[in-house]
Amino acid sequence: MTPDSPIGPGLGEGLPTDGRRPRRTAAPPQYVLTEDTPVYVISVAAELSGLHPQTLRQYDRLGLVSPDRTAGRGRRYSARDIQQLRDVQRLSQDEGINLAGIKRIIELENQVTALQARITELADSLEGAAAALQQREAAVHASYRRDLVPYQPPTPQSSALVVWRPKR
């Protein structure tokens with residue numbers, strides 16, 4: 001290509017000249033969607049949860065369900081957020097719990113989840129420390145001198161008596 005090309009220098013290089021689309025040489029990027037991936041706008045989240053969008057905004061203001069935000073400050077709800085909205089609605093409507101009580105329940109559930117994660121972390125750390133201790137113990141046992149004679153108790157048929165008297 002020439003620098004005065006309408007495409008620009010270097011942009012059209014390597015393209016087929018017969019009008020066909022170029023083949024992709026690299027695989028497209030792989031996106032991993034989890035239940036924590038924020039993908040739903042507020043209108044879709046409202047429809048999926050069975051609530052009004054204004055209710056979702058109110059829950060966000062109260063801190064009951066806090067969706068992620070885009071660069072433009074728009075709300076993006078994940079599948080976990082949708083489930084949490086349904087749980088808030090169930091606790092409010094079916095169980096008769098007020099929103100302050102629901103907020104406290106959610107805080108306690110989050111605390112339990114964090115504590116369970118910490119227990120798992122500490123258990124893994126303990127297993128690692130136990131393995132390191134066993135390795136050190138094995139190293140100590142391997143360093144024992146092998147020329148020591150092991151003690152063997154006297155046989156039951158022996159009737160010998162040994163008297164020891166210290167020198168004065």
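## Burial and overall make-up

Buried means under 20% relative accessible area, exposed means over 50%, and partly exposed lies in between, with a 1.4 Å probe and protein chains only. Buried residues make up 15% of the 168 residues in this chain. The model is predicted, so local features need pLDDT of at least 70 and side-chain atom pairs count only at pLDDT 80 or more, while totals for chains, interfaces and linings use all residues. Residues are numbered from 1 along each chain as its sequence is written, and side-chain values use heavy atoms, with hydrogens and water left out.

The chain has 4 helices and 2 strands. These are DSSP runs numbered from the N terminus: helices are H or I with at least four residues, strands are E with at least two. From the N terminus, the order is α-α-β-β-α-α. The chain exposes about 14,300 Å², an area from the Shrake-Rupley method with a 1.4 Å probe. Carbon and sulfur atoms supply 55% of that area.

Contact means heavy atoms within 4.5 Å. Among contacts in the chain with a separation of 6 or more, 48% come from residues 24 or more positions apart.

## Packing of H1 and H2

Two packed helices are described by the angle between their axes and the distance between the axes. Helix H1 (residues 42-49) packs with H2 at about 100 degrees, and their axes are 9 Å apart. The axes are lines fitted to C-alpha atoms, for helices over the stretch in contact, and angles run from 0 to 180 degrees between N-to-C directions. H1 and H2 are therefore roughly perpendicular. The cut-offs are under 35 degrees for roughly parallel, over 145 for roughly antiparallel, 65 to 115 for roughly perpendicular, and oblique for the rest.

H1 contributes Ile42, Ala45, Ala46 and Ser49 to the contact. H2 contributes Pro53, Leu56 and Arg57. These residues divide into 5 nonpolar, 1 polar and 1 charged. Here Ala, Val, Leu, Ile, Met, Phe, Trp, Tyr, Cys and Pro count as nonpolar, Asp, Glu, Lys and Arg as charged, and the others, Gly among them, as polar.

## Asp60 in H2

Asp60 sits in helix H2 (residues 53-62). Its relative accessibility is 13%, so Asp60 counts as buried. A polar contact of 2.8 Å joins its side chain to that of Arg69. Such a contact is a pair of N or O atoms within 3.5 Å; within protein, one must be able to donate a hydrogen and the other to accept it, and residues adjacent in sequence count only if both atoms are side-chain atoms. Beyond four places in sequence, Asp60 is in contact with Val65, Ser66, Pro67, Arg69 and Arg75.

## Val88 in H3

Val88 belongs to helix H3 (residues 79-93). At 1% relative accessible area, Val88 is buried. Leaving out residues up to four places away, Val88 touches Tyr59, Leu64, Val65, Ile102 and Ile106. Val88 and Asn98 are 10 residues apart in sequence, with their C-alpha atoms 9.7 Å apart.

## Two loop residues

Ser78 lies in the loop between strand E2 (75-76) and H3. Ser78 is buried, with a relative accessible area of 4%. A polar atom of its side chain lies 3.4 Å from the backbone oxygen of Glu35. Outside four places in sequence, Ser78 contacts Glu35, Asp36, Thr37, Pro38 and Tyr40.

Arg73 is in the loop between strand E1 (68-69) and E2. Arg73 is exposed, at 56% relative accessible area. Most residues other than glycine have a negative phi. Phi of Arg73 is positive, near 75 degrees.
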